[in-house]
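Keep the sequence and the 3D view at hand while reading.

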Amino acid sequence: MRDDAGGSEEADRAAVAAMRAGDQSGLRWLHARYGRSLLGYVSALVGDPGRAEEVVQDVLVAVWRGASGFAGRGTVRGWLFSVARRRAISAYHADPGRYETAGEYLEAVEDGNAGPEPVALARADLRAVVDAIGRLPAHHREVLVLACVEQMTGPEIADLLEVPVGTVKSRLSLARRGLARLLTDQGVHDESR
């Protein structure tokens, strides 16, 4: 499947239509386009890279089987991330002891209760940033990954997480401050101050 169907959302929708018709090229398209993003997102939720890979495979099976259920109200990307989020919660409940860092947050998500500073990031090495992000509370880590890595907008994140946009903004602000603090604590200093 080629990205010549117009914009990227149109190509994504064409991939879903292909899946509805039983054409696996649609699934291959979505996997090539979003597989790494989904893996990063699920890894941030469950904190276990090996299990995250399993969850992403479950997501791909679920979207293949559920392609006819995609109503087109949102974006294909939003639908994929929504399925990934539900699968991550299911994975937690299947083996809660395996997800010590994410357990409390994933339980809160299911119940419905649920900058990084540019200079600090520019001066930090990737390992320090990844380590610091991993130490953030799960609900801050999730919003940070969606906004900064996946480049989702506030309204897109709010829709995915089923929270108000103001909550997304608040979590993102707290995540950025927390990340900057963690980077500073790790010895990544902002020399511009």
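The model is predicted. Helix α8 covers residues 138-149 and helix α9 covers residues 154-161; their axes lie 10 Å apart and meet at an angle of about 135°. On the α8 side the contact is formed by E142, V143, L146 and A147, and on the α9 side by I157, L160 and L161. By residue class, this contact has 6 nonpolar members, no polar ones and 1 charged.

Setting aside neighbours within four places in sequence, Y41 contacts F81, A84, R85, E142, V145, L146, L160 and L161. Y41 also stands out in the largest nonpolar core, which holds 51 residues: Y41 and L30 are the members that touch the most others. Helices α1 (8-20), α2, α3, α4, α7 (126-135), α8, α9 and α10 (165-185) each give at least two residues to this core. The largest share comes from α2, with 9 residues.

Helix α2 also packs against helix α3. Here α2 spans residues 24-46 and α3 spans residues 49-66, with an angle of about 140° between them and their axes 9 Å apart. The crossing of α2 and α3 is right-handed. From α2, the residues in contact are Q24, L27, H31, G35, L38, L39, V42, S43 and V46; from α3, they are P49, A52, E53, V55, V56, V59, L60, V63 and W64. Sorted by class, the residues of this contact are 13 nonpolar, 4 polar and 1 charged.

The last stop is R77, in helix α4, which runs over residues 76-94. Is R77 buried or exposed? The cut-off for buried is under 20% relative accessible area; R77 has 18% relative accessibility and therefore counts as buried. Apart from residues up to four places away in sequence, R77 touches Y34, E150, Q151 and M152. R77 and L30 are separated by 47 residues in sequence, while their C-alpha atoms are 8.9 Å apart in space.

Conventions:
Residues are numbered from 1 along each chain as its sequence is written. This is a predicted model: local features need pLDDT of at least 70, side-chain atom pairs count only at pLDDT 80 or more; totals for chains, interfaces and linings use all residues. Side-chain values use heavy atoms; hydrogens and water are left out. Axes are lines fitted to C-alpha atoms, for helices over the stretch in contact, and angles run from 0 to 180 degrees between N-to-C directions. Helices (H or I, at least four residues) and strands (E, at least two) are DSSP runs, numbered from the N terminus. Contact means heavy atoms within 4.5 Å. Ala, Val, Leu, Ile, Met, Phe, Trp, Tyr, Cys and Pro count as nonpolar, Asp, Glu, Lys and Arg as charged, and the others, Gly among them, as polar. Buried means under 20% relative accessible area, exposed over 50%, partly exposed in between (1.4 Å probe, protein chains only). A crossing is left-handed if the near helix is turned anticlockwise from the far one by less than a right angle, and right-handed if clockwise. A nonpolar core is a set of buried Ala, Val, Leu, Ile, Met, Phe, Trp, Tyr and Cys residues joined through side-chain atoms within 4.5 Å.
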